[in-house]
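Trainee: I would like to learn how to read the features of a protein model. May we go through one together?

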Amino acid sequence: MCTIMKRIGPSLAYLEQVRQHMARLPSIDPNTRTILICGYPNVGKSSFINNITRADVDVQPYAFTTKSLFVGHTDYKYLRYQVIDTPGILDHPLEDRNTIEMLSITALAHLKAAVLFFLDVSGSCGYTIAQQAALFHSIKPLFANKPLIVVCNKIDLQPLEGLPEDDANLIAEMKAEAAKTMVGQYGKPGEDDGVLLSMSALKEEGVNAVKNVACERLLEQRVEIKMKSKKINDCLNRIHVAMPKARDGKERLPCIPQAVLVAKAQAAAAKESRKLEKDLEDENGGAGVYSASLKKRYLLADESWKEDVIPEILDGHNVADFIDSDIMQRLEELEREEGLRMAADGDDDDEMDEASLTPEEKEALAAIRKKKRMLVEEHRIKKSTADSRPLVPRKFDKDRQFTTNRMGRHLSNLGLDPSAAIERARTRSVSRRGRKRERSSAVEENPDAMDIDQPNKKPRMLSRSRSRSRPPGEVTPGEGFKDSSQKLKAVKLGKKAAKKRNKDARKGEGDRVILNMKPKHLFSGKRSIGKTDRR
């Protein structure tokens, strides 16, 4: 058995590939009402099927976007039609066509359907009308005994009236060929109306008209074929169509009672006389200007009460009773009186008029103002902290303008002692931040001295001895304590608060973990009073 399976293994793999390929093919019913769409690539076939059906065919601005058959369904006169979108066909011999084009050729050859040949009159698909007409004539034998409609698409880019004469003649020839395939009653060619239609799939102009004409043509052909079949005679024997006959030549008009006519007239008049909110909105400025009144629907004893202002009640009293009607007049009187008082006070202004001062008084006034400015600047210098004082980096002081000598001269001119400021600036110098630790005095006296008090440890230089520790109560700048007593008190309170937390083995104030209240090793497997054969 295994030998047989190995022998026919490649054939079974091929059959599996065929099965998967057939599963991907669309489900096409060859006996139902079918509309087939064909034409050059990128002429609007997929856009048309997306508009009239619920199919979602990919639409792209390049050729051969559709590479297989796509099926959609639409309704017309309560009947279901299947619409098939075929890949684009190029005008070359049959043996030169690829697999994608042969799908369209096969569908045209074997399906009984109404054919819609799409024609791009704008030329935006990349093919001229002459090339599309040549394709139409080359596949014309496939249109035999099928309703054929030539659809001129993209009329929004190029109307039919603006086409050149040569292109118009080619379209007229295609229309004449399509009219020959139209079989009327008794097998005679019918009229050429409805064989040439125009539409725009982008703007959806004429799309429904093309669908309706195609469905109607297909329905007429199917009915006519059934009427010519032999089965119709068996059906006609069982069908009787009753046609009523007139008993005389009198004309009998409909009799409507007068009361009904009056009621209809009154209802029409009431409907015309009634104004809707939309009408009122249009009359009063439109949306955003007109505001509908909510009071017009109030049910009150007197209609004149609807627009009255609703009183405001505060603590059981009507606010309107406490409003003075002459409040505006009294306010104007107060403003007038205030204006007169301000005008009178303007004459006795405390500001001194410098024009009336003597030269000695002007000099004294200037000295007073200068001294005031100096006091303000000195206060600002004292108020600013060390961190808020501006520091000028050396890379921006290339001309050596901001120096301690200049600062000292400036402070001396202001009457201040510059020694403290110069010393503080030198201690904050950037160049002194990275200097090494100075040697201790003991090393300076004897540089070769070693620390030999501890024989078990490696000897080290005395200059690397431990720094002096700070007492716990010492306050460093920036800690936020007023003095050392306040800091010691805060440290004591912090230790007291952490004592309970440390006893509970908490990591910190945010540790809210709840440990297991019943450890398994203490509460499992314990036998109580009773049988002890199992646990």
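Predicted model: local features only at pLDDT ≥ 70, side-chain atom pairs only at ≥ 80, totals over all residues.

Trainee: Let us begin with salt bridges. How many does the structure hold?

Mentor: A salt bridge pairs a side-chain nitrogen of Lys or Arg with a carboxyl oxygen of Asp or Glu within 4 Å. The structure holds 16 salt bridges. One of them joins Lys-77 and Glu-216, whose closest N and O atoms are 3.1 Å apart.

Trainee: Where in the chain do Lys-77 and Glu-216 lie?

Mentor: Lys-77 is in the loop between strand E2 (70–76) and strand E3 (79–85), while Glu-216 belongs to helix H7 (residues 207–228). The pair links distant parts of the chain, 139 residues apart. Glu-216 counts as partly exposed because its relative accessibility is 23%.

Trainee: Which parts does the salt bridge between Glu-277 and Lys-296 tie together?

Mentor: In this pair the closest N and O atoms are 3.1 Å apart. Glu-277 lies in helix H10 (residues 277–283) and Lys-296 in the loop between H10 and strand E7 (313–314), so the bridge ties together parts that are 19 residues apart in sequence. Glu-277 is partly exposed, with a relative accessible area of 33%, and Lys-296 is partly exposed at 29% relative accessibility.

Trainee: Is Lys-487 buried or exposed?

Mentor: The cut-off for buried is under 20% relative accessible area. Lys-487 has 12% relative accessibility and therefore counts as buried. Lys-487 forms a salt bridge with Glu-479, with the closest N and O atoms 3.2 Å apart. Glu-479, at 35% relative accessibility, counts as partly exposed. Salt bridges may also form a network, as they do among Lys-140, Glu-177 and Lys-180.

Trainee: Let us turn to the surface. Which residues gather in a patch of positive charge?

Mentor: Lys-492, Lys-496, Lys-499 and Lys-503 gather there. Of these, Lys-503 lies in helix H16 (residues 484–503). Lys-503 counts as exposed because its relative accessibility is 69%.

Trainee: Which residues form the nonpolar patch on the surface?

Mentor: The nonpolar patch consists of Met-1, Ile-4, Met-5, Ile-8, Leu-12, Tyr-14 and Leu-15, which together have about 730 Å² of accessible area. Helix H1 (2–7) and helix H2 (9–24) each supply at least two of its residues, and the largest share, three residues, comes from H2. Ile-4 lies in helix H1 and is partly exposed, with a relative accessible area of 45%.

Trainee: How should I read the cysteines, and how many disulfides are counted?

Mentor: A disulfide is a covalent bond between the sulfur atoms of two cysteines. The rule applied here asks for a pair of cysteine sulfur atoms within 2.5 Å, and by this rule the count comes to zero. As for accessibility, Cys-38 counts as buried at 0%, and Cys-215 counts as buried at 0%.

Trainee: Finally, what should I look for in the phi angles?

Mentor: Most residues other than glycine have a negative phi. Lys-154 has a positive value, near 65 degrees. Lys-154 is found in the loop between strand E5 (148–153) and helix H6 (165–180), and its 16% relative accessibility is why Lys-154 counts as buried.

Trainee: What is phi of Ala-505, and is this residue buried or exposed?

Mentor: Phi of Ala-505 is near 60 degrees, again a positive value. Ala-505 lies in the loop between H16 and helix H17 (520–523). At 64% relative accessibility, Ala-505 counts as exposed.

Definitions and conventions:
Residues numbered from 1 in each chain as written. Heavy atoms only, no water. Patch = residues over 30% accessible without salt bridge, like charges linked within 9 Å, V, L, I, M, F, W, Y side chains within 5 Å. Areas by Shrake-Rupley, 256 points an atom, 1.4 Å probe, with all protein chains shown as cover. Lys, Arg positive; Asp, Glu negative; His and termini not counted. Charge placed at Lys NZ, Arg CZ, Asp CG, Glu CD. Helix = DSSP H or I, 4+ residues; strand = E, 2+ residues; numbered from the N terminus. Buried < 20%, exposed > 50% of the residue type's maximum accessible area, 1.4 Å probe, protein only.
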